[in-house]
Amino acid sequence: MDLWYTEQHSKYAQFSIKIDRQLASVKSDFQRIDVFESKGFGRILTLDGYLMVTEKDEFIYHDMITHIPMATNPNIRKVLVIGAGDGGTVRELLRYETIEHIDMVEIDEDVVKVCKEFLPFTACGLEDERVHLYFEDGLKFVRRKEGEYDLILVDSTDPFGPGEGLFTKEFYGNCYKALNETGILVNQHESVYYESYAVSMKRAHQRIKECFPIAKVYQAHIPTYPSGHWLFGFASKKYDPIQDLDTGRWNELGIKTKYYNTDLHIGAFALPNYVKEQLEDE
Ligand code: SAM
């Protein structure tokens with residue numbers, strides 16, 4: 001009998017991947033963690049039935065959440081990563097020699113345990129000596145911080161369950177406080193194609209705009225995410241992601257990426273009209 005992983009993307013649309021077998025299923029204090037093996041997408045991590053990572057297309061999300069801010073400010077040394085239990089975001093950050101210290105705050109230790117065992121392709125950097133792991137709620141962690149970080153990356157689940165607090169105005173305000181005077185915040189920003197995702201994206205963008213002088217949205221095409229079109233928020237106290245991008249400087253670093261490049265960096269901020277209209281709506 002064929003086995004399929006199916007996720008409901010809207011009331012009228014669902015997305016399925018043919019599964020070969022299940023490798024893990026853990027009920028943690030926060031969520032259900034499943035790992036599947038598939039021919040089409042390699043290993044797949046889902047949390048509470050929502051797809052987080054597939055081996056085949058994770059590079060797109062992790063390139064875009066990391067290299068856009070890293071190329072905008074070449075002097076990033078200290079980073080706070082919130083969520084990101086699969087390790088893909090940290091793996092990309094570690095490719096920069098300038099990075100000295102990464103605090104990673106993941107609410108669910110079991111996600112990290114499962115990913116270390118079954119997703120070594122993303123979790124490979126979590127033992128690096130520059131990485132400091134904390135298992136607690138990112139919302140609470142950031143409240144205690146002031147002027148410390150060059151960059152905060154919010155690689156969270158969606159705005160319900162444990163991730164809900166990471167989309168609040170209180171959280172964005174505390175991120176502003178936790179950043180130094182040139183600090184950048186990048187967060188996974190949902191999508192707008194399906195109405196239920198659009199509502200949370202618009203709300204999050206509005207809240208970020210109220211906290212930061214520079215607040216933009218950029219996009220990537222991720223085949224396994226709802227609608228295949230995903231957004232990221234870029235907020236900053238000083239840096240503009242296009243005006244301050246020095247393409248030559250980033251290219252000289254010689255970092256080989258599968259999705260990101262500096263042409264795409266600029267293009268990613270050129271949003272389709274229906275997305276722009278939704279952002280301007282607020
Ligand atoms: N890169 C993937 C993606 O595109 O969605 C995966 C995201 S990563 C697995 C999301 C992580 O955020 C989860 O492991 C979840 O436990 C964590 N998380 C959710 N809410 C959190 C919170 N309040 N504080 C810290 N981590 C949180």
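Residues are numbered from 1 along each chain as its sequence is written. Because the model is predicted, local features need pLDDT of at least 70 and side-chain atom pairs count only at pLDDT 80 or more, whereas totals for chains, interfaces and linings use all residues.

The protein chain is divided into domain 1 (3-54) and domain 2 (58-281), with bounds that come from an automatic or database domain assignment. Taken over C-alpha atoms, the centres of domain 1 and domain 2 are separated by 23 Å. Contact involves 20 residues of domain 1 and 21 residues of domain 2; two residues are in contact if their C-beta atoms, placed from the backbone, lie within 7 Å. On the side of domain 1 that touches domain 2, two or more residues are given by each of strands E1 (3-10), E3 (21-27), E4 (32-38), E5 (42-47) and E6 (50-54). Helices (H or I, at least four residues) and strands (E, at least two) are DSSP runs, numbered from the N terminus. E6 provides the largest share of this side, five residues. By class, the side comprises 13 nonpolar, five polar and two charged residues, where Ala, Val, Leu, Ile, Met, Phe, Trp, Tyr, Cys and Pro count as nonpolar, Asp, Glu, Lys and Arg as charged, and the others, Gly among them, as polar.

The ligand is surrounded by 27 residues, of which the closest are Gly83, Gly85, Ile107, Gly138 and Pro162; a residue is near a molecule if its C-beta atom, placed from the backbone, lies within 6 Å of it. At least two residues of this shell are supplied by each of E6, strand E7 (78-83) and helix H5 (138-143). Domain 1 and domain 2 each contribute at least three residues to the shell, which divides into 13 nonpolar, nine polar and five charged residues.

A hairpin of two residues connects E1 to E2, and Glu7 stands opposite Phe15 in E2.

The largest nonpolar core contains 71 residues, among which Val79, Val81 and Ile152 touch the most other members. Such a core is a set of buried Ala, Val, Leu, Ile, Met, Phe, Trp, Tyr and Cys residues joined through C-beta atoms within 7 Å, a residue being buried if 20 or more other C-beta atoms lie within 10 Å of its own. Helix H1 (residues 58-72) gives the largest share of this core, six residues.

Notes:
Pairing = 2+ DSSP bridges. Buried ≥ 20, exposed ≤ 12 C-beta atoms within 10 Å, placed from the backbone.
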